[in-house]
Amino acid sequence: MLKRRFPIPTRKTIPRREIPPLVTRRQLRRNKGALLSLAFLVILTAVAILAPVLAPYDPLAVDVEEQLLPPSSEHWAGTDLFGRDIFSRLLFGAQVSLLVGVVAVTIASVPGLILGLIAGYNGRWIDGLIMRVMDMMLAFPGILLALSIVALLGPGLSNAMIAVGMAGIPSYTRLVRSSVLVTKRKQFVRAACAVGCRSWRIVFRHILPNVYAPVLVLATLDMAWAILSASSLSFLGLGAQPPAPEWGAMLNEGRGYLRQAPWITAAPGLAIMLTVLSVNLLGDGLRDALDPHLRTRT
Amino acid sequence: MSPCHRVPLSLWKAMAMFQFIGRRLITSIPVLWGVTTLVFLMMHLLPGNPAELMLAESGGSSQSIAQLRHQLGLDDPLYAQYGRFLVNALRGDLGRSIFTNRPVTRTILEQLPHTVQLAVAAMLVAITIGAALGIAAALNRNTWVDSLCVTVAVAGASVPVFWSGLLLILLFSSLLHWLPATGQGSLKHLIMPAIVLGLASSGSIARLVRSTMLEVLDQEYVTTARSKGLSEGLVVCRHAFKNALIPVITVMGLQFGYLLGGTVVTETVFSRQGLGWLVVDAILWKDFPVVQGAVLLAAAIYTLVNLLVDVSYAILDPRIRYD
C-alpha cells in the first residue's frame, strides 16, 4: 500500500492552536505604574469582599454620642454626623463602587459589542441604522444622558448604574464596528467563508477573538468613568440613597461640615481618586502593551 | 483645462471652504433631528410615567394621575405627541415648567450664559495646563519630568470634580479667605469653579499634546529649524507646537461636551446658577419639560460646537476641505 510522505491532516492530527496571552508578564513588569495599580485594585477587591469581616463597626449603626469625632485609634477615619464609623463605611463603600464599575461596564459593553458586531459584519442598512442611532446618542454629553435616564427611572443606585451603562454603549459599538470592518477583510475570514462556515461561526470563532483586545482597554478606561459618574450622581442625590455607604453620597453628607469635620469628605474623596487613578493607569498600561504602534513611538 | 483654472486661486479656495461648511451644516441637520427624536422617545418610552412620578410623593390617586396625563397630553397617541413636540420645538417652544409655569425656553436661556461662561473659562484653564504639561513631557521624553507630567495629567483626570471643589473651598475660602465659596457675578467667583472643571479635563489634553509633540519633534522641518540655529523656544513655539495643535482642536470639541456635563456637578458644589443646576433641580422636582428642554439644548450646543471645530480644523489644515 502506498504510504503518503505528508499525510493529509485530520481533526485528530491538527495540533490545538495555542492562544498567546493578551498581555505578557514582561510587558506589565516594564510598566511599573500599571503593575502598582493592578496590585492596588486586587487589594481593594479583597478588602471589598472581606468588608463584613474587616470592618470594625457596623457601617449603618448610629451613635449620637460619637458624632463628628476626628480620626483616632478607635475610629481610624473619624465619625460622621450620625456617629457612624467612616472607616467601616469606606470598606463597604468599596463594594458599591467596584460593583457600580463592573455592572455599568457590562451594561455598556455587552450590547455595544453585539451591536458593533452586527453593524460591522452585516453592513448595508442595518449598519446605517445602528450607527445613526449611535451618532445621536453620542451627541449627548455622557453625564447629561445619564442624568436624563435617571430623571425617568428615578433616583437610586441600580438606576444610576443602568444610566451610566447606557450612556457608554455608543463608544463600544463604534470601536467594535471599526475593528470588525478591518478584520472581516482579512485572509482567514475569507477562507472561513470559502469553506462554507456559517455566519455566526465566522463572527464568534474568527472575528470576535480579534476584536476583544481594544474592547478590553476601553472597558478598563470606561470603568474609571463609570465609577466617577456614579459617584457624581450619588453626590447630586440621584444615585445611592442614604444611609447606603457609597463614597459619593458620603462626600455629599460631609459637605455641610467642611470646616468642623473635614475628615468626612477627605476619606471618601481620597478613596475615589485612588481607585479611579489606579483603573486609569492600568488601562493606559494595557493600551501601551496591546498597541505596538504606541510601544514603538514612546 | 479644469474649471478651477479660470477663477483666481483665492476665490477657488474660498468656494471650497464654503462648500465644506455647507456640507457639514447639512449633515448636522439629521443629527439634530435625531437628537430631538431620541429625547422625545426617552421621555415617552422608558419605564417611568412622568405623571405617576410627579404625583408619587403626594400619593396621588389614579384619577388625579389620569387628569394630569390628560393635562400634559400624555394620553394622546405617540405620533400625535411627537408631531406636536417637533412643531413646537421648531418654533422654539419647549413647553412650560410644571412648577413655575414659565416657558421652558425662557428659563433655559436665562441660565445658559452662566454655564457658557463657566465652560469657556474652564476650557481656557484646561488648554493652558494641558499644553504646559504636554510640552514639558514631550521635551523631556523618557525622563522623570515626563513621568511626573503624565502622572499629574492622569491624576488630574481622576480627581472627582466635587471633591477638588470642596478642597479648594476649604483652603481658599474657609481658611485663607481669598476667594468667595459660592455665588456668581464677578471674576473672583469664577476662578475656583473654572480651575476645578478645567483641571479635570486638562489630563486628556496633556496626553494628546505630548503624543503629537513627540511626533512633530521628529519631523524633518523641526530638524531644519534647529540646524538654521533657531533658539529651542522658537523651534518649539513656532514650528512644533503650532503643528501639534491641530489634533488638539478636535479633542477640544469633545472636551467641550465633557465640560458642559461637568458644569452640572460644579454648579452644584459652588451653588452657581446655570444649566446644570437647573437640570438637577428639575430632576429632583420631577419637572420633565425643563429636563427635556435643557438636555435637548445641551445636545444641540454640543453638536454645533463640534461643527465649529470641524470648520476650524479645515481652516487650519487645508487638506481636509479639499478631500
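Predicted model: local features only at pLDDT ≥ 70, side-chain atom pairs only at ≥ 80, totals over all residues.
View 1. The contact joins 40 residues of chain B to 41 residues of chain A. On the chain B side, helices H1 (9-45), H6 (144-158), H7 (161-175), H10 (232-269), H11 (275-284) and H12 (288-316) each supply at least two residues. H10(B) gives the largest share, seven residues. By class, the side of chain B that touches chain A holds 32 nonpolar and eight polar residues. Charged residues are absent from that side of chain B.

**View 2. Helix H5 of chain B crossing H12(B).** H5(B) spans residues 104-139. The axes of H5(B) and H12(B) come within 10 Å and cross at roughly 55°. H5(B) is therefore oblique to H12(B). The crossing is right-handed.

**View 3. Residues where H5(B) meets H12(B).** From H5(B), the contact uses B:Val104, B:Thr105, B:Thr107 and B:Ile108. From H12(B), it uses B:Pro289, B:Val290, B:Gly293, B:Ala294 and B:Leu297. Six residues of this contact are nonpolar and three are polar. None is charged.

**View 4. The fold of chain B.** Chain B has 13 helices and zero strands. Its C-alpha atoms fill a box of roughly 85 × 70 × 35 Å along the principal axes. Of the 323 residues of chain B, 38% count as buried. Among contacts in chain B with a separation of 6 or more, 73% link residues 24 or more positions apart.

Note on methods. Residues numbered from 1 in each chain as written. Chains lettered and ligands numbered in written order. Contact = placed C-beta atoms within 7 Å. Helix = DSSP H or I, 4+ residues; strand = E, 2+ residues; numbered from the N terminus. Nonpolar A, V, L, I, M, F, W, Y, C, P; charged D, E, K, R; others polar. Axes fitted to C-alpha atoms, helices over the stretch in contact; angles between N-to-C directions. Parallel < 35°, antiparallel > 145°, perpendicular 65-115°, else oblique. Left-handed = near helix turned anticlockwise from the far one by under 90°. Buried ≥ 20, exposed ≤ 12 C-beta atoms within 10 Å, placed from the backbone.
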